[in-house]
Amino acid sequence: MAKLYLAAVLLLFSLQLFSQNDILVFKKKNKTIATYAKGSYISFLTRDHQMIKGIITQVINDSFYMKEEVVRYSMMGNDTFHYSGWRYAIGDVYALPKKGILIDKKNGRYQISTTGGHLHWYWVKSGWLFRTAGIGYASLNVANGIINNDLSFAEYKTPLAIAGGSYLFGWILRWLYTPWLRTGNKYQLRTIKLSR
C-alpha cells in the first residue's frame, strides 16, 4: 500500500512539473534581457501607469498569474504578507524597470525605492541631487541675508542664479530620465513554451 501511495504522489508531482513549462522572456530585439518563470520576482508598470511587484505563480499562453508580496518592517522584526490571485495579460505590461531599479511598497502603493538609488547613480540621473542642491544653496543665501540684515537683490543675484540653474538642470534631468524599459517595437515581453 505504501508503494502504491508513493507512486501516486510521484505521478502527481511529475504531472505538476510538466504542466508548468511556460516562461516569460523580456527581449531587446533578439537579445534576452531577463527571463521570468514560476517563483520569479517581477516588477512592472501597467498600461494605466500603476506599479506592480510580486512573485509569478503560473505562466500560461499569453498571461501570467502572480501573488503580491508585501514586507512590513518594524522594530520587532519583519512581517511578510502574500495576496494571491492577480492575473495579467502580456498586453497589460507597459514597461519593466531597468536593471538596478528597486520597487518597494510605501504608503500603500509601489514606487521606486530611493534607498536603493545608489545603484546606477539614480539620485544623479533623476536630478534629485541637483534640485536639492539648488534649493539648499538658495535657502543658505537667503538665511545669510536675513542674519546680516541685508536682503539686497544685487548682492545675491549671482548665488540665486547659480541655485536656480542647479534646480533647472535637475528638473531637466528628471524630465529626461526614465527608469523604465517600455515594451513595444524595441523591447518585447513574450511567452515561450519549453515543451508540451
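The following legends describe close-up views of a predicted model.

**View 1. Confidence along the predicted chain.** The mean pLDDT of the protein is 82, and 85% of the residues reach at least 70. Among the elements, β7 has the highest mean pLDDT, 93, whereas helix α1 (residues 2-19) has the lowest, 52. Where pLDDT is low, the predicted coordinates should not be read in detail.

**View 2. The open sheet of six strands.** The strands follow the order β6-β5-β4-β3-β7-β10, with antiparallel pairing. At the edges lie β6 (77-89) and β10 (180-182), each of which pairs on one side only. From one strand to the next, the twist averages 45°.

**View 3. The pairing of β7 with β10.** Three bridges join β7 (residues 93-97) to β10 in the antiparallel sense. L181 of β10 is the bridge partner of L96.

**View 4. The largest pocket.** This pocket has a volume of about 460 Å³. Its lining comprises 18 residues, of which P97, K98, K99, G100 and L181 are the closest to the centre. Two or more lining residues come from each of β2 (31-36), β3 (41-46) and β7. By residue class, the lining consists of twelve nonpolar, three polar and three charged residues.

**View 5. The second largest pocket.** The volume here is about 350 Å³. Twelve residues form the lining, and those closest to the centre are I112, Y122, S126, R131 and R174. At least two lining residues are supplied by each of β9 (109-112), α2 (122-125) and α3 (128-147). Seven residues of this lining are nonpolar, three are polar and two are charged.

Definitions and conventions
Residues numbered from 1 in each chain as written. Predicted model: local features only at pLDDT ≥ 70, side-chain atom pairs only at ≥ 80, totals over all residues. Heavy atoms only, no water. Pairing = 2+ DSSP bridges. Helix = DSSP H or I, 4+ residues; strand = E, 2+ residues; numbered from the N terminus. Axes fitted to C-alpha atoms, helices over the stretch in contact; angles between N-to-C directions. pLDDT = per-residue confidence, 0-100. 1 Å grid on protein atoms, 1.4 Å probe; cavity = no way out; pocket = protein on both sides within 12 Å on 5 of 7 lines; lining within 4 Å. Points joined across faces, edges and corners; volume = space filled by probe spheres on them. Nonpolar A, V, L, I, M, F, W, Y, C, P; charged D, E, K, R; others polar.
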